[in-house]
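Here is a short report for a first look. Keep the structure in view while reading.

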Amino acid sequence: MRYLAALLITVFFAGNALSGQCPSLVSQIDQQLQSAQLDSETETRVKELRDQGEALHNQGKHTESVKVLKRAINELEAAS
């Protein structure tokens, strides 16, 4: 029983830790977009991923949000 309680507590706090990471990733993308020299197709794709990640964050789907936002950052860095 103690193991189950410890597992549930760990999962709960891990979700909360990820929720704080989403806004900082969105901010990082916004800053990189301002200075990056991208073609319009790449810029559009990065903005779509950014918006999708922010929407997932707002829905409480933080793990998925972080994955999408990191994909946007990777595309930005690959294109820069």
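## A buried leucine

Leu25 is buried, with a relative accessible area of 7%. Buried means under 20% relative accessible area, exposed means over 50%, and partly exposed lies in between (1.4 Å probe, protein chains only). Leu25 sits in helix α1. Helices here are DSSP runs of H or I with at least four residues, strands are runs of E with at least two, and both are numbered from the N terminus.

What does Leu25 touch, leaving aside neighbours within four places in sequence? Its contacts are Val66, Leu69, Lys70 and Ile73. Contact means heavy atoms within 4.5 Å. Leu25 and Val66 are 41 residues apart in sequence, yet their C-alpha atoms are 7.7 Å apart in space.

## The model and its confidence

This is a predicted model, in which local features need pLDDT of at least 70 and side-chain atom pairs count only at pLDDT 80 or more, while totals for chains, interfaces and linings use all residues. Residues are numbered from 1 along each chain as its sequence is written, and side-chain values use heavy atoms, with hydrogens and water left out.

The pLDDT score is the predictor's confidence in each residue, from 0 to 100. Its mean over the protein is 84, and 78% of the residues reach 70 or more. Where is confidence lowest, and where is it highest? It is lowest in α1, at a mean of 74, and highest in α2, at 94. Where pLDDT is low, the predicted coordinates should not be read in detail.

## The overall layout

The protein has three helices and zero strands. Along the sequence, the pattern reads α-α-α. Of its 80 residues, 26% count as buried.

Take the contacts between residues at least 6 apart in sequence: 67% of them join residues at least 24 apart. The protein exposes about 5,500 Å², and carbon and sulfur atoms supply 54% of that area. The area comes from the Shrake-Rupley method with a 1.4 Å probe; for residues, only the protein chains shown count as cover.

## The nonpolar core

The largest nonpolar core has 16 residues. Such a core is a set of buried Ala, Val, Leu, Ile, Met, Phe, Trp, Tyr and Cys residues joined through side-chain atoms within 4.5 Å. Ile29, Leu33, Val46, Leu69 and Leu76 have the most contacts inside it. The elements that give two or more residues to this core are α1 (2–35), α2 (40–58) and α3 (62–79). The largest share, six residues, comes from α3.

Look at Leu76. Not counting residues up to four places away in sequence, Leu76 touches Ile29, Gln32, Leu33, Ala36, Leu38 and Val46.

## Helix α3

Helix α3 has 18 residues. From its first C-alpha to its last, α3 reaches 26 Å, close to the 26 Å expected at 1.5 Å a residue. The expected span is 1.5 Å times one less than the number of residues in the helix.

Which residues of α3 are buried? They are His62, Ser65, Val66, Val68, Leu69, Ala72, Ile73 and Leu76. His62 has a relative accessible area of 17%, so this residue counts as buried. The side chains of His62 and His57 are joined by a polar contact of 3.1 Å. A polar contact is a pair of N or O atoms within 3.5 Å; within protein, one must be able to donate a hydrogen and the other to accept it, and residues adjacent in sequence count only if both atoms are side-chain atoms.

## Two residues of α2

Leu56 lies in helix α2. Its relative accessibility is 12%, so Leu56 counts as buried. Beyond neighbours within four places in sequence, Leu56 is in contact with Lys61, Glu64, Ser65 and Val68. Leu56 and Leu69 are 13 residues apart in sequence and 9.9 Å apart, C-alpha to C-alpha.

Arg50 is also placed in helix α2. Is Arg50 buried or exposed? At 13% relative accessibility, Arg50 counts as buried. Not counting residues up to four places away in sequence, Arg50 touches Val26, Ile29, Asp30, Leu69 and Ala72. Its side chain also makes a polar contact of 3.2 Å with the side chain of Asp51.
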